[in-house]
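Please work through each task before reading its solution.

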Amino acid sequence: VGIGSDMSSESAVSLAELNLRAANRAMRLSGFEVASLYTDTAIGLLPAGYWKSHYKMALQLHMIATNVHSVLGNVEKMEAVYDDVMKQPDIPLKDRLPLYSSMVESLSGRDVGRALDLCFDVLEQLGHGIMRDG
């Protein structure tokens with residue numbers, strides 16, 4: 001369900017929450033195409049500054065969207081959603097880990113070098129850096 005131009009911010013957030021619940025249900029039923037519509041709609045409903053005002057919901061939506069777009073093979077959309085999270089400076093590493101995992105899984109089938117680089121970067125962030133060849 002989408003937004004009307006006259007919808008209040010509160011109503012938009014409530015509608016985003018409903019879309020999040022619907023996306024979760026669609027994922028449980030392997031309805032990936034439907035889940036992608038719900039997550040994309042919900043992200044679009046969030047107000048400006050949503051990473052600060054609605055952090056938990058925004059993170060959940062972005063995690064689901066990253067996963068569904070990966071499963072559907074929507075690489076560009078998946079990477080755009082992933083990048084939206086990664087460019088947020090205040091997201092702790094523990095909250096980024098599921099997204100790193102999704103990205104590595106997606107990259108492993110099409111760009112093993114990038115997947116390995118990402119794995120090395122994450123290990124370094126965790127304090128377990130490994131020397132790289134080359």
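**Exercise 1. Determine how α6 and α7 are oriented to each other, and describe their contact.**

Solution. Helices α6 and α7 are roughly antiparallel to each other, a label for angles over 145 degrees on a scale from 0 to 180 degrees between N-to-C directions. The axes of α6 (residues 93-108) and α7 (residues 112-125) cross at roughly 160° and come within 8 Å. Axes here are lines fitted to C-alpha atoms, for helices over the stretch in contact, and helices are DSSP runs (H or I, at least four residues) numbered from the N terminus.

This is a predicted model, in which local features need pLDDT of at least 70 and side-chain atom pairs count only at pLDDT 80 or more, while totals for chains, interfaces and linings use all residues. Residues are numbered from 1 along each chain as its sequence is written, and side-chain values use heavy atoms, with hydrogens and water left out.

Next, consider handedness. The crossing of α6 past α7 is left-handed (the near helix is turned anticlockwise from the far one by less than a right angle).

Finally, list the contact (heavy atoms within 4.5 Å). The contact residues divide into eleven nonpolar, two polar and one charged (Ala, Val, Leu, Ile, Met, Phe, Trp, Tyr, Cys and Pro count as nonpolar, Asp, Glu, Lys and Arg as charged, and the others, Gly among them, as polar).

**Exercise 2. Describe the crossing of α4 and α5 and the residues that meet there.**

Solution. The axes of α4 (residues 55-71) and α5 (residues 75-86) come within 8 Å and cross at roughly 155°. That makes α4 roughly antiparallel to α5. Their crossing is left-handed. Among the α4 residues in contact are Leu59, His62 and His69, which meet α5 residues including Met78, Val81 and Asp84. By class, this contact holds six nonpolar, four polar and two charged residues.

**Exercise 3. Is His62 buried or exposed, and which residues does His62 touch?**

Solution. His62 lies in α4. With a relative accessible area of 1%, His62 is buried (under 20%, with a 1.4 Å probe and protein chains only). Not counting residues up to four places away in sequence, His62 touches Ile43, Tyr50, Trp51, Val81, Asp84, Val85 and Leu99.

Two of these neighbours can be followed further. Tyr50 is buried at 14%, and Trp51 is buried at 12%. Tyr50, Trp51 and Tyr55 form one aromatic cluster, where rings of Phe, Tyr and Trp (its six-membered ring) pair if their centres lie within 6.5 Å.

Note on methods. Helix = DSSP H or I, 4+ residues; strand = E, 2+ residues; numbered from the N terminus. Parallel < 35°, antiparallel > 145°, perpendicular 65-115°, else oblique. Buried < 20%, exposed > 50% of the residue type's maximum accessible area, 1.4 Å probe, protein only. Phe/Tyr/Trp six-rings, centres within 6.5 Å; stacked < 30°, edge-to-face > 60°.
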